[in-house]
Amino acid sequence: MEKYWRSLDEYKNGPDQRTEKVAEEEQKNLVLDLASDKVAGAKASRRDFLKLVGFSFATAAITSSCEKPVQKAIPYLIKPEEVTPGKASYYATSFFDGNEYCSVVAKVRDGRPIKIEANELSPVSGGGTSARVQASVLELYDQARLRAPGKGRNKSSWEEIDTLVKEQLRASSSGRKVLLSSTIISPTTKKIIRELQDKYPDLEWIVYDEVSVEFIRMAHEKIFGKAVIPGYHFDKADYVVSFDADFLGTWLAPVEFASGYAKKRDVSKDHPEMSKHIQFESGYSVTGSNADERFPVSPARSKAILVKLYNAVALRTGAAGLSGTACDFDVNAVAEGLLENQGSSIVISGTNDPDIQMMVAGINVMLGNYGSTLDLFRTLNIKQGNDRDFLELKKSLKEKDVSLLIMSNVNPVFSDPQGAEIGEAIGSNGLSVYIGSSYSETAKQCQYVAPDHHYLESWGDAEPVRGTFSLQQPTINPLYDTRSFQDSLLRWTGSDQTYYEEIRKYWKSALYPLSGSTGRFEDWWNEQLQKGVFMVNGNPVSYKDPNLSMIGPGNIPKEEGMSLTLYTSVGILDGRHANNPWLQELPDPVTKACWDNYLAISVADAGELELADEDVVEVNGLRVPVLIQPGQAKGTCSLALGYGRTVAGKVGDNVGVNAYGLVTAEGGFRRYTVQGITIGKTGKTYELARTQTHHSMEDRPIVRETTLDAYRRDPNSGNQFHLDAESHHDSLYPETEFDGYHWGLAIDLNKCVGCNNCVVSCIAENNIATVGKEEVKKHRIMHWLRIDRYYSEDVNNPKTYLQPVMCQHCDNAPCENVCPVAATMHSNEGLNQVAYARCIGTKYCINNCPYRVRRFNWFKYVNNDEFNFHLNEETSKLVLNPDVTVRSRGVVEKCSFCVQRIQEKKLEAKLEERSLEDGEIQPACVQSCPTGALVFGDLNNKESQVAELKENERNYHLLEQLHTLPSVGYLTKVRNAEGGDDEYHDHHTIDHS
């Protein structure tokens with residue numbers, strides 16, 4: 001039987017065995033100092049345990065009833081016309097943080113944004129969001145935001161800053177005058193910058209990305225004559241080959257890519273076809289976990305394989321091959337797969353290496369993919385940083401040759417490998433002004449700070465993809481004395497126009513004539529504001545014929561010593577979101593660790609180096625804990641960038657280590673693979689917070705999967721143990737009947753990529769508390785929805801399986817009949833409900849739930865200095881959803897299918913005297929999912945999509961042999977990989993223990 005496991009302990013000891021460390025941790029966590037609201041560190045004896053149980057029963061009712069947070073209510077004296085108390089307004093706007101773009105809709109309650117949803121009209125975002133987009137609303141209320149103009153840490157004024165900047169711009173000094181910004185995709189902002197440069201011709205504009213992908217643009221410039229990043233159409237790709245590109249996690253435009261990718265993973269017996277995905281990588285990424293075939297290889301071996309693949313495709317297409325080193329990897333199957341899908345395949349690489357990007361582009365040219373899966377017309381406008389220009393700026397700073405430095409939304413003091421030197425140099429040059437929304441390592445070194453608006457406070461526009469435009473509109477008045485970056489530029493040009501007026505002017509002159517509208521501009525403008533997006537065909541782009549003659553394999557390093565890959569995490573990305581507690585507590589999709597970065601190392605290398613999990617090692621002078629990662633390529637290790645901030649805020653400061661110092665910069669170009677690193681043992685350990693082993697389902701089969709070949713032969717493949725709801729067991733309880741609605745959820749495991757978006761969306765919607773690293777280590781994370789990760793097969797290259805798990809809303813719910821106070825009950829619409837006011841915290845329901853989806857409030861997480869994240873300050877609490885109760889200490893909570901949304905839509909339909917439409921009600925996880933993996937609806941409506949999916953031959957329920965009758969169904973995972981009935985039919989179920 002196939003062996004499935006969640007951790008190396010399970011792999012070695014089995015699901016029923018616990019390590020001494022886990023047992024000791026569980027024993028320690030029994031003792032609770034109820035008086036001080038803290039956990040004691042002493043071990044618990046049997047007598048301590050019995051005293052604790054008796055005392056907890058006596059105090060649970062008191063604490064749960066007496067400690068409910070006071071909620072302040074302030075009535076309207078004069079009600080604004082546009083605000084209806086208790087009713088939400090929605091504004092189409094645009095999210096862009098300098099790295100990632102998403103067209104969104106902001107939900108505003110009583111004048112404050114509380115939730116971000118996807119703009120379904122956007123052709124770029126695909127009707128979904130990412131975890132970072134969901135969490136961006138919390139950053140609006142971040143206490144670390146800059147609140148007023150400053151000189152160092154002292155107060156200044158806008159007048160003082162404007163006067164000094166204009167004086168320096170006008171001055172005829174010998175030093176350079178530089179505007180350093182992150183990538184800008186706003187056409188109006190680019191126009192304003194050009195106008196500023198026209199007025200002050202010696203002002204330079206340099207674009208800096210915290211993590212560079214410049215070689216993609218350079219490769220296309222050499223081959224096609226234009227430095228562009230092509231559009232990637234995964235929705236047209238039948239064969240995907242990726243070399244170290246985490247395109248479902250963080251690479252370029254993951255929301256758009258995940259949406260397109262999922263469309264090609266949709267399989268049914270009427271359409272038994274799906275794309276094939278091959279992944280070569282050294283670390284284990286969320287994209288690699290979704291691959292049909294994954295090959296763990298070192299960066300050097302990956303490059304050698306790419307050379308061999310290039311030659312194999314060239315040989316079959318009549319193109320010239322490359323010289324290269326010998327490689328024993330057989331690329332014929334991959335080459336044949338690509339050639340069989342010419343024009344409908346795609347080859348990509350996430351490595352910032354010029355030779356690799358040239359070869360990748362060359363393979364796509366030979367396959368005829370440009371014009372189909374790769375788009376040179378609708379190119380991506382993100383990631384426009386120029387490493388060479390920034391290198392020259394660094395030299396000028398060191399030579400004290402900069403008289404004016406204006407920096408906007410960049411943090412090179414943190415993210416450049418020579419950041420400390422840059423910080424010192426900034427102070428020894430001329431006037432330095434930092435423009436941004438939050439204080440940072442770079443802002444600290446500048447003479448003046450000019451606070452920028454948060455995107456939810458500001459007007460703006462964007463062109464993320466050539467020919468696709470979107471608008472950004474404020475959803476709240478500025479909370480502080482901030483001013484938009486563009487308004488600052490306009491003041492310095494001497495213009496009395498506002499940024500809003502400049503946007504309207506640009507759209508009226510440049511875009512309105514292309515719209516084909518015959519009406520008034522004002523009407524057209526209002527329509528675009530409502531939709532949020534606008535597309536134009538534009539003029540055709542002329543490229544030169546592709547020139548492959550200059551492509552070469554370049555230098556392929558010898559595999560000597562360990563190689564290190566530096567990557568960005570799905571949570572805090574490159575470090576710009578480090579002060580966001582929702583993202584810090586978000587478990588990595590593969591390692592399931594949070595609140596830290598760590599050195600991921602292979603099982604084989606850990607054995608050879610005699611390293612254990614959580615040993616602290618020294619890597620080229622940087623001390624970091626070890627995480628032994630199954631599937632990590634032998635001879636390699638991986639480390640996330642973005643951690644180790646020192647000037648981020650109370651949440652992000654001193655979390656993890658700063659790995660940017662390990663980035664190499666050959667010829668000014670930043671590389672994120674380091675060959676020949678040294679790893680030294682320190683003799684110390686450091687405990688990591690990991691979540692995968694928190695919730696045990698006691699060695700019972702959970703996961704089901706099959707192969708495409710087996711599915712074609714038998715659509716029930718991998719799901720032959722499915723039990724129909726009608727096959728009832730004998731029961732003492734009457735059969736549940738629903739004469740109205742019966743709400744249910746279907747999850748297509750072929751479409752779910754494990755991106756964690758739904759987890760953060762649920763947190764934002766349902767006021768879920770952040771508990772911090774120490775509590776996560778005690779298995780007390782409060783997330784209602786989790787993404788379980790399982791491994792199978794070889795420990796050196798396991799397959800990975802990702803599965804969202806939330807309350808299953810069972811019709812025979814075992815939690816309901818054990819509650820002594822009937823706090824958990826079943827509604828007449830199939831919802832498993834919790835009455836918070838009635839709950840006394842016995843936790844019988846938690847013990848009796850086989851799915852381990854109920855959470856207990858061990859502490860009061862609001863107004864508690866022990867949990868000083870975002871629920872302590874009045875401003876931060878503005879993010880709370882007023883439709884959802886903030887839970888008190890001693891109360892059990894869990895997924896409610898967003899019952900507040902169900903009630904809202906039911907009342908809305910009632911007032912409009914109509915029936916609910918299928919798909920009208922969408923819980924937070926469903927609405928924000930970029931892949932459409934989750935479908936919610938009425939199971940009683942046989943024409944609803946969720947009812948149809950329930951009848952799908954791939955549908956099954958978790959632990960259905962227990963006859964709990966869950967309302968959540970899963971569609972069996974199908975892999976486009978080798979294997980048939982013998983391998984997959986009977987054995988691909990995972991023991992979830």
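This is a conversation about the fold of a predicted model.

Student: How many helices and strands does the chain have, roughly speaking?
Tutor: In this predicted model, the secondary structure of the chain comes to 29 helices and 46 strands.

Student: And what share of the residues is buried?
Tutor: Of the 993 residues in the chain, 61% count as buried, while the accessible surface comes to about 38,200 Å², with 48% of that belonging to carbon and sulfur atoms.

Student: Switching to sheets, in what order do the strands of the open sheet with E12 come?
Tutor: The order is E14-E13-E12-E15, four strands with parallel pairing, and neighbouring strands are turned by 10° against each other on average, if direction is ignored.

Student: Which strands stand at the edges there?
Tutor: Those are E14 (293-296) and E15 (345-349), each of which has a single partner strand, so one side of each is left without a neighbour in the sheet.

Student: What about E12 and E13, how many bridges join them?
Tutor: Five bridges join E12, residues 239-243, to E13, residues 276-281, and one of the residues involved is Ser242, whose bridge partner in E13 is Gln279.

Student: New topic: what length does helix H18 reach?
Tutor: Helix H18, residues 499-511, reaches 17 Å from its first C-alpha to its last, which is close to the 18 Å expected for its 13 residues at 1.5 Å a residue.

Student: Which of its residues are buried, and what do they pack against?
Tutor: The buried residues of H18 are Tyr499, Glu502, Ile503, Arg504, Tyr506, Trp507 and Leu511, and they pack against helices H6, H17 and H19 as well as strands E20, E21 and E22.

Note on methods: Residues are numbered from 1 along each chain as its sequence is written. This is a predicted model: local features need pLDDT of at least 70, side-chain atom pairs count only at pLDDT 80 or more; totals for chains, interfaces and linings use all residues. Side-chain values use heavy atoms; hydrogens and water are left out. Two strands pair if DSSP finds at least two bridges between them. Helices (H or I, at least four residues) and strands (E, at least two) are DSSP runs, numbered from the N terminus. Axes are lines fitted to C-alpha atoms, for helices over the stretch in contact, and angles run from 0 to 180 degrees between N-to-C directions. The expected span of a helix is 1.5 Å times one less than its number of residues. Buried means under 20% relative accessible area, exposed over 50%, partly exposed in between (1.4 Å probe, protein chains only). Contact means heavy atoms within 4.5 Å. Accessible areas come from the Shrake-Rupley method with a 1.4 Å probe; for residues, only the protein chains shown count as cover.
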